[in-house]
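Hi everyone, thanks for coming. Let me put the structure up on the screen, and then we can walk through it together.

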Amino acid sequence: MFATVLKISLVCVSISMLGLIYRMIKGPSVADRVVALDAIGINLIAIIALVSMILDTSAFLEAILLLGILSFIGTVAFSKFIEKGEVIENGRDL
Amino acid sequence: MSSLHWAILSPFFIACFIPLVYKQFHRVHTGWFVLFLPIVLFIYFTGFIHEVGDGRHLSASLGWIPSLGINFDVYADGLSLLFSLLITGIGALVILYSIYYLDKDKEKLHTFYVYLLLFMGSMLGLVLSDNLIVLYMFWEFTSLSSFLLIGYWYHRERSRYGAQKSLLITVLGGLSMLGGFVLLSFMGDTYSIRELMGQTGELATDPLFTASLLLILLGAFTKSAQFPFHIWLPDAMEAPTPVSAYLHSATMVKAGIYLVARLSPVFAESSLWFWLIASAGILTLVWGSYSAVKQTDLKAILAYSTISQLGMIMSLLGAGAAALHYESMDKNIYMAATVAAVFHLINHATFKGSLFMAAGIVDHETGTRDIRKLGGLMNFMPITFTITIIGAFSMAGLPPFNGFLSKEMFFTSMVRVTEMEIFNMETWGVLFPVLAWVGSIFTFVYSMIIVLKTFTGKFKPEKLEKKPHEAPLGMLIPPVILASLVIIFGFFPNLLASTVIEPAVAAIQPGLSQKQFQIHISHWHGFTIELYMTLGVILLGSLLYITWDKWKCVYHIIPGRLSLNRMYDALLAGMERGSIGVTKLFMTGYIRTYLVYIFLFFIVSLGITLWREDAFAFDVGNTAPVRLYEVIISVIIATSAIVILFAKSRLTSIIILGAIGYMVSLFFVLFRAPDLALTQLVIETISVALFLLCFYHLPKLSSRKEERVAFRLNNALISIGVGVIVALIALSSHSNKLFESISNYYIENAYEEAGGKNIVNVILVDFRGLDTMFEITVLGIAALGIFALIKLRLARGTLKDENE
C-alpha cells in the first residue's frame, strides 16, 4: 500500500516536472525560466526523497541538502545576472 | 677491423681534422694536407693488384648490427679494386688540381675538402661493401656529399638549383634501390652480395625478382645519369671544376655502372635485365651525344658527353649479360662486351678527367667557358691544347688513343648482339649497331667542337675578361698525367688486360671465368665491319662538323619544347601547385569542416565495420524492467535536448542545459549512485554559471544578432548518423557481454581490505587511486591554465615581461 502511494506521488511529481519544463522552454521571459529552474530544483528534492524511500536507503540525504543549497545559489546567481549583467562583481572596494 | 676498413674510414677521420688544420695553418693551402691521403690509399690499393690478379680476393668483416644481419663487410675483388684505384688515383690528381684551381684566400677551403673527403670515403665504401645495407648507406652518403659539392658556391642561384635537382633525382633512385635491396634480401635471406650470388637460380624464380630488378635498376639509372634521368648531370656543372672532373665524370656517375656490374651475376639470367640495360644505355648514348652537339658551354658539352659515354658502358654491360646464356660455347663472343665495358670505363675516366681539367684551365685563364667567345687559344695555351686534343680524339674514338680501342670493341659487341638467338633479338636487335653508330658520329662532332672551337679559329680578345695565358705548372700536372695515361693505354692496352681488366671481368661474370680466358687487345684486327664503321664515323662526322651551321636548326624541332628539363621543371612546379591545391581543398580553416570530416569518418568506419562483421545484435534477455518515472525523465531529457537546437536565445539554451544536467543527476539517484548525483549537481551548477559568464562576454556586434541555429541538412544527417551509430554500438555491446563483471570483488573486499563502506570512494582512493591522482592533476592544470589565460595578456606585437 505504502509502495503504491510512493509510486503514485512519484508519478505526480514527475508530471509536475513536465509542466515546469514546459514553462522553462516556453518562457516567455528569462525570469519565467529561472523560476522554472528553481522549481525544478525543489521538485528534484522531492523526487530524490521519494526515490530514497522507495529504495529504502539514506544515501541520498546529502544530495537533497546539496540540491537545496545549489538551487538557491543558482537562482540568486541568475537573478543577479538578469539584474546587473554579471554574477560576481569586482573592484567594489577600490 | 682490417686495413680495408681503415682505408674506407680514413677519409672520414681526416675530414674531421680539416677545419682545425684550416684554422691553424691558414697560410698554407689546405689541399696540401689532404693530398697525402689519396696518394697513400692509391699505393695501398696498388699493392693488391698482384693478389687480385691471381684470382684471389680480400675480405673482412666487422660487426655493426649483427642481430639484423647488417655488418660492415668489405670485399675486394677485381671490380672493386678497379674502382678503388680510379677513386683514389683520380682523387689525388683532382686534389692536386684543386690546390691550384681554388684560391686559398677567396674560397672556404675547409668546407670544400671536408665534402670532398666525405665523398671519397663514401665512394670507397660503396665499391668495397659486401653488405647491401652498408652499400646503400654509402650510396646515400655520395648523394649527400655530391649535393654539398654542387652547391659549394651556394650564393649562386644556379648552384642551388643544380644541387637540389641532383639530390631529388639521385635520392629518388637511391630510395627505390633500397626497396630493391630489401626485396632481394627477402628472397635470399641475406644481405651479403656474395651469398646472394650463390643462389642465382632460386632467386630468378622468385615472384619478387622482377620488382627487385626494376627498383635496383632505377637506382642505378638515376645515379649513372641514364635516359631519362640524365637531366641532373648538366645542371651539376655549376659545381667547381675539380668536382665536375671527379664526381661527374670519373667516380660518382659510375656508381650505377658499378651496381649493374656487381649485381650482374644475380640478375643477368633475366631477359628483362638485358633489354632494360642495353636499350637504356644505347638510348642514353644517342640522346646524350645528340644533345652535346648543341651546347655552347664547354662543361655542358662534357656533361652530355659523360652521359652518352655512360650509356655506352651501360649498353656494353647489357650485351655482356647475354654471355651467361652461352656457357657451352668455347669462344664466348659476348664476354668481349664486358671486357669492352671495363676497358672503356677506365678509358673514360682518364680522358674525361683530363678534358674537364682542361676546360677548367680555359675557364680559369680566360674567364669564360662559352665556346662562342673562345677561339684561337692554341698559341696562348699550347699544353692545354695538347691535352684537349688527346682527350677529345680519344673520346671521338680516333687511333692511336685508347678511346679508339674501346670504341672498336664497342662496335664489335653491338654488331654481334644482332646475331643473338635469344631474347627476341631478331626483331629489334638490328637497331643496336645502327644507334651505336649514329651516337658515335655525334660523339665525333662534339669532340671536334671542343677542340676546334676553343683553340683554333679567330682569337677574340674583346670578348674575354682576362688576357689568356698558360696555366701554372701545378694545374697542368694532373691533366698531363691523365693525358699520358690515355696515350700509354692507347699504345700498350695489354698492360691493363691481365692486371686489372681480367679480374674485373671475372668479378662481373664469375660463372664464366672458371674457364681460362685471355684478353688480348690489339689495334689491328683486319678489315672487319667495325673498322669500316669507324671510317664512316670519321667521314660523316667531319661532314657534319663542316656543315654544322646549316643543320643546327634541327635542335629547334627536337627536343624543342619537349625537352626533359622543361618536363622536370613543370613536374616540380605542378606537384607543388597540385599539393597546395589539394591542401587548400580540404584544409578550409573552419573547425566546422574538420568536425564534419571527423564525424563522417566515425560514421563510415564504424558503420562499415558493424555491417561487414555483422556485429549488430539486440538482446533484451538481461535488461531490467522499464519503470514509469524513468520513462518520464527520459522524455524530459530528450525534449529538452531537442528544444536546445531550436532555442532562439542563448540564455534559454543555457537554462535548458542546466535542467538537463539536473535530470541526469536524477537518473543517478534512480540508478543508486549517490556520489555521482552529488558531484553532478555541483558541477552542473558551476558550469551553468560559467556559461553565463561566457554569455555575458560575447561581443555586442550588430552582426551577432541572436537567432536560431541555421538548419543545414548535412549537419542534421551527420548528427543523426552519429547518434544512430552510437546507439547501435551500445545496444550491440550490451547484448554481447562476454564475461562477468569484476565488481563482485570490490563489493566483497571493500570493507575487509580497505576499511571503507562506501565502495565508490574506496575504489577512487584505494583500489584505483592512481586515476584519481591524475584527475586531480588535470583539475590543477585547468585551474592554472585559466589563471594564466586571464592574467597573462601580452599586448599584441610586443612581448612584455609576464610578471608585470
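Let's start with one residue: where is the place of B:Pro472? B:Pro472 sits in the loop between helix H20 (431-455) and helix H21 (473-491) of chain B. When I say helix, I mean a DSSP run of H or I with at least four residues, numbered from the N terminus. B:Pro472 is partly exposed, because its relative accessibility is 36%; buried means under 20% relative accessible area, exposed over 50%, and partly exposed in between, with a 1.4 Å probe and protein chains only. From C-alpha to C-alpha, B:Pro472 and B:Tyr101 are 9.6 Å apart in space, while 371 residues separate them in sequence.

A quick word on the ground rules. This is a predicted model, where local features need pLDDT of at least 70 and side-chain atom pairs count only at pLDDT 80 or more, while totals for chains, interfaces and linings use all residues. Residues are numbered from 1 along each chain as its sequence is written, chains are lettered from A and ligands numbered from 1 in the order in which they are written, and side-chain values use heavy atoms, leaving out hydrogens and water.

Now for the inside. A nonpolar core here is a set of buried Ala, Val, Leu, Ile, Met, Phe, Trp, Tyr and Cys residues joined through side-chain atoms within 4.5 Å. The largest one has 202 residues, and B:Phe45 and B:Trp273 touch the most other members. Helix H16 (residues 335-366) of chain B gives the most to this core, 18 residues. Apart from it lies another core, of 48 residues, including A:Ile21 and B:Ile637. Leaving aside residues up to four places away in sequence, the contacts (heavy atoms within 4.5 Å) of B:Trp273 include B:Leu213, B:Phe267 and B:Ala321.

Next, how do the two chains meet? Chain A and chain B each bring 29 residues to the contact. The area buried between them is about 3000 Å², with carbon and sulfur atoms giving 89%; buried area is the accessible area (1.4 Å probe) that two parts lose on being put together, summed over both. On the chain A side, A:Phe60, A:Phe78 and A:Phe81 lose the most area to chain B, together 17% of what that side buries.

B:Arg158 is partly exposed at 44% relative accessible area, whereas B:Asp235 is buried at 10%.

Another salt bridge brings together B:Asp297 and B:Arg369 (3.0 Å, N to O). B:Asp297 counts as partly exposed because its relative accessible area is 22%, and B:Arg369 is buried because its value is 17%.

Last stop: B:Ile591, in helix H27 of chain B. Is B:Ile591 buried or exposed? B:Ile591 is exposed, because its relative accessible area is 61%.

Note on methods:
Helices (H or I, at least four residues) and strands (E, at least two) are DSSP runs, numbered from the N terminus. A salt bridge is a side-chain nitrogen of Lys or Arg within 4 Å of a carboxyl oxygen of Asp or Glu.
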